Amino acid sequence: MKVAVAGCCHGALDKMYETLELLQRRHNVRPDLLLCCGDFQAVRNEADLRCMAVPAKYRHMQTFYRYYSGEKKAPVLTVFIGGNHEASNHLQELPYGGWVAPNIYYLGYAGVVRFRGVRIGGISGIFKSHDYRKGHFECPPYNQQTIRSAYHVRNIEVFKLKQLKRPIDIFMSHDWPRSIYHYGNKKQLLKMKSFFRQEVESNTLGSPAASELLQHLKPTYWFSAHLHVKFAAFMQHQTNSKEELPKATKFLALDKCLPHRDFLQIIDVEHDPSAGDSLEYDAEWIAVLKATNSLVNVTQSSWNMPENNGLHAKWDYSATEEAIKEVLEELNHNLKIPCNFTLTAACYDPSKPQKHVEPVHTINPQTTEFCAQFGLIDINGRIQQAKEEGSVRGEYEEEEEEEEMDSTGSAEEPSEYNTDTSGLSSINPDEIMLDEEGGDEDLSTCSVDPSPDHPPEFSASFSDIRIMPDSMAVSSDDAMDSTNEELEKSGVSKQVEEKSLNERPLKRIGGNENGNSGIKKIKRRNQAIYAAEDEDKTE
């Protein structure tokens, strides 16, 4: 089975699908499945734009709304995870996953599905330690904080995924697993992205939560995006016993979707020829969701997941064979995911702009149906209930919270990750990133320009595609100089990066102008990033 993998889409669906069609015309290669590793930007209307954490200058409608309205249909089944530049209000409607448009499926906060016997998992968002132990409490309309925290990974999703015992074929995360760069051509990566050096050398680049999942799940393939650079690695996992067969993960990070970028990868994946062509639920994952249902938390309070440390009566929530069998019997052994896509918001109409429409918190019928079928808590319903009871954004009364945590988790244990050095703390001039401590502008009130005419016009070129060779195996660390020549061809040159860093002065925030101790350090990323994005669009 041929699988196409894309990095940050940034709403450019037409570009992706045109490139795939060009691939078929020129080389008679037609992927059976398209995977997207975040920043998909499923923007339906102007209200969705207001829920996307990017500066106003990057709030463009792009083309997803045409697939949402039915004007167009994705030519290939598309499965994606969320990143850190999304219409969070839209994706929040589907915490357990669901269709955002016909033939386009979102995996949810975390999820596992099957296609032609291939087991595909993923986790949405990026890691930030200050939100990692909180519940999913956010709901629109978002404020300056929640518009960001809405896409931050939570420990409950990692905990659920760590309950899985059966092998995973493909896994997706938006940010990279921490330390993965030590298993690829680190020298070549730093040649292309020299501003990563400090974090790579201190081993603080990437997500520690994703790294934990990589060590636990040991998937055959792991795909990521976020850093806007192509990078391959090969990680040989340690075995827990002499009887256990050695496992290895082929890691690939994808570039963003732009003209003249190597943003698509085609790989051949072994599949079950007898399996149907429909996307299917994964029975073990459904059983894990049912087992962990009591752990659902929609409060801002921090707490850790149950573990075998003497503080919890139960810490193993993995699915037994009996529980998996029960799921299969509930579904009459028919695991096909229903094509129950439903419009839940008005679609953008270029002839009738609605620039000042406010987003609302919506209960999606797909989620309602899914929760009713498997006996799960509707997270958005629980948030609505908390709001109606007079709570502030899902904050329960202290007594109720303590009672619930006594039976499930603990709010008093130290966090697994007590520092927040993940993500891009270095300047990355190739990534749209907001300063987490304040931002450049009021994201909730800034204007939007939904015109689809703003994005640059381009046609698909075959240079945007790489067909994966039979083996993705690469040698470890710096011994790979000759194996990653594609990276140098597809990446942004060092000269462009340095130029974008030096063209505009960096801005200071806080304090006074006399250089006293009250002045914070230079606000990272923003000036250089926006300059680089403008250069990308004029290539």
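These legends accompany close-up views of one predicted model. In this prediction, local features need pLDDT of at least 70 and side-chain atom pairs count only at pLDDT 80 or more, whereas totals for chains, interfaces and linings use all residues. Residues are numbered from 1 along each chain as its sequence is written, and side-chain values use heavy atoms, with hydrogens and water left out.

**View 1. An open sheet of 7 strands with mixed pairing.** The strands (DSSP E runs of at least two residues, numbered from the N terminus) follow the order β10-β11-β9-β8-β7-β6-β13, two strands being paired if DSSP finds at least two bridges between them. Because β10 (231-236) and β13 (279-281) each have a single partner strand, one side of each is left without a neighbour in the sheet. From one strand to the next, the twist averages 25°, with axes fitted to C-alpha atoms and angles running from 0 to 180 degrees between N-to-C directions.

**View 2. Parallel pairing of β9 with β11.** Residues 221-224 of β9 and residues 248-253 of β11 are joined over 4 bridges, and phenylalanine 223 has leucine 252 in β11 as its bridge partner.

**View 3. Surroundings of phenylalanine 223.** Leaving aside neighbours within four places in sequence, phenylalanine 223 is in contact (heavy atoms within 4.5 Å) with residues including Val5, Leu35, Phe171, Leu252 and Ile267.
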